[in-house]
Amino acid sequence: MPKIVNSSEKIDFICEKAYEEFINNGVNNFSLNKFIESLNMSKGQFYHYFKTKEELIFEVIDKKSEKFFIDTEKEIKEAQTFSEKLLALFSFYLVLSDPENKSFDKLMKDTFYMYLNIENEFIKQKNAECYDYLFSATNEIFDEMIAKGFLKENARKFIPSLIATADGMYLQSMILENYDLKKNLIDYIRMLEDLLKR
């Protein structure tokens, strides 16, 4: 009788091994063929789970990001003020700039070029999911603060520029060596709060 393979366990195993490889040798030095060989797996078996190297990288990032997003949801719920809630939402960027998460931050920086490849349908879908989440979570924060009478009714129109600014700040932190992402993001959120509160 053939052995029953649990797909999600196999994907987790492949992703964990790939993450180790990315961290130890870098994404740019990653050879998919050598990696498949190291798994003692046929190419056919591997391609059953991942069609491309990019899909594997995104799945690794997704799995490593999942805990951050679960923690973020919890922090948003626990936060009381507008500033605290926004900082909790954008804490993903701050977590990446934390020295304790250097390995994951390096992986994000090494693969940033992939996020710009909008011709790839898989990447396009992943980017859309990320921004759908950001807009949805930001809207919930603004709705809650408007309902509590803390923010002006028209505050929602600032949501696109808030998200674009946070993204831009994260990009600067990747490019500029001494850019203080945390300080700049906190300063911007406080300025926005002063501008939008009733």
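Leaving aside neighbours within four places in sequence, Asp167 is in contact with Tyr93 and Tyr131, where contact means heavy atoms within 4.5 Å. The C-alpha atoms of Asp167 and Tyr93 are separated by 8.5 Å, although the two residues are 74 residues apart along the chain. These values come from a predicted model, in which local features need pLDDT of at least 70, side-chain atom pairs count only at pLDDT 80 or more, and totals for chains, interfaces and linings use all residues. Residues are numbered from 1 along each chain as its sequence is written, and side-chain values use heavy atoms, with hydrogens and water left out.

Asp167 belongs to helix α10, which covers residues 159–175. Helices (H or I, at least four residues) and strands (E, at least two) are DSSP runs, numbered from the N terminus.

Which residues of α10 are buried? They are Ile159, Leu162, Ile163, Ala166, Asp167, Met169, Tyr170, Ser173 and Met174. Seen down the axis of α10, the buried residues fall within an arc of 155°, so they line one face of the helix. Here buried means under 20% relative accessible area, exposed means over 50%, and partly exposed lies in between (1.4 Å probe, protein chains only). The arc is that of the directions from the helix axis to the C-beta atoms.

Ile175 is also found in helix α10, but this residue counts as exposed because its relative accessibility is 62%. Together with Leu171 and Leu176, Ile175 forms a nonpolar patch on the surface, with about 280 Å² of accessible area in total. Patches are made of residues with over 30% relative accessible area and no salt bridge; like charges are joined within 9 Å, and nonpolar side chains (Val, Leu, Ile, Met, Phe, Trp, Tyr) within 5 Å. Accessible areas come from the Shrake-Rupley method with a 1.4 Å probe, and for residues only the protein chains shown count as cover.

The next step is the whole protein. It has eleven helices and zero strands. Its C-alpha trace spans about 65 × 40 × 30 Å along the principal axes. Of the 198 residues in the protein, 39% are buried. The protein exposes about 11900 Å², and carbon and sulfur atoms supply 53% of this area. Among contacts with a separation of 6 or more, 68% are between residues 24 or more positions apart.

Just after α1, Gly26 takes a positive phi of about 85°.

The structure holds nine salt bridges, a salt bridge being a side-chain nitrogen of Lys or Arg within 4 Å of a carboxyl oxygen of Asp or Glu. One of them joins Glu59 to Lys63, with the closest N and O atoms 3.7 Å apart. Glu59 and Lys63 are separated by about one helical turn, because they are four residues apart in helix α4 (residues 53–78). Lys63 is partly exposed, with a relative accessible area of 30%.

Which parts of the chain does the salt bridge between Asp143 and Arg156 tie together? The side chains of Asp143 and Arg156 meet at 2.7 Å, N to O. Asp143 lies in helix α9 (residues 121–147) and Arg156 in the loop between α9 and α10, so the pair ties together parts that are 13 residues apart in sequence. Asp143 is partly exposed at 35% relative accessibility, and Arg156 is partly exposed at 33%.

Another salt bridge links Lys148 and Glu144, whose closest N and O atoms are 3.0 Å apart. Lys148 counts as exposed at 54% relative accessibility, whereas Glu144 counts as partly exposed at 28%. Salt bridges that share partners also join Asp143, Glu153, Arg156 and Arg198 into one network.
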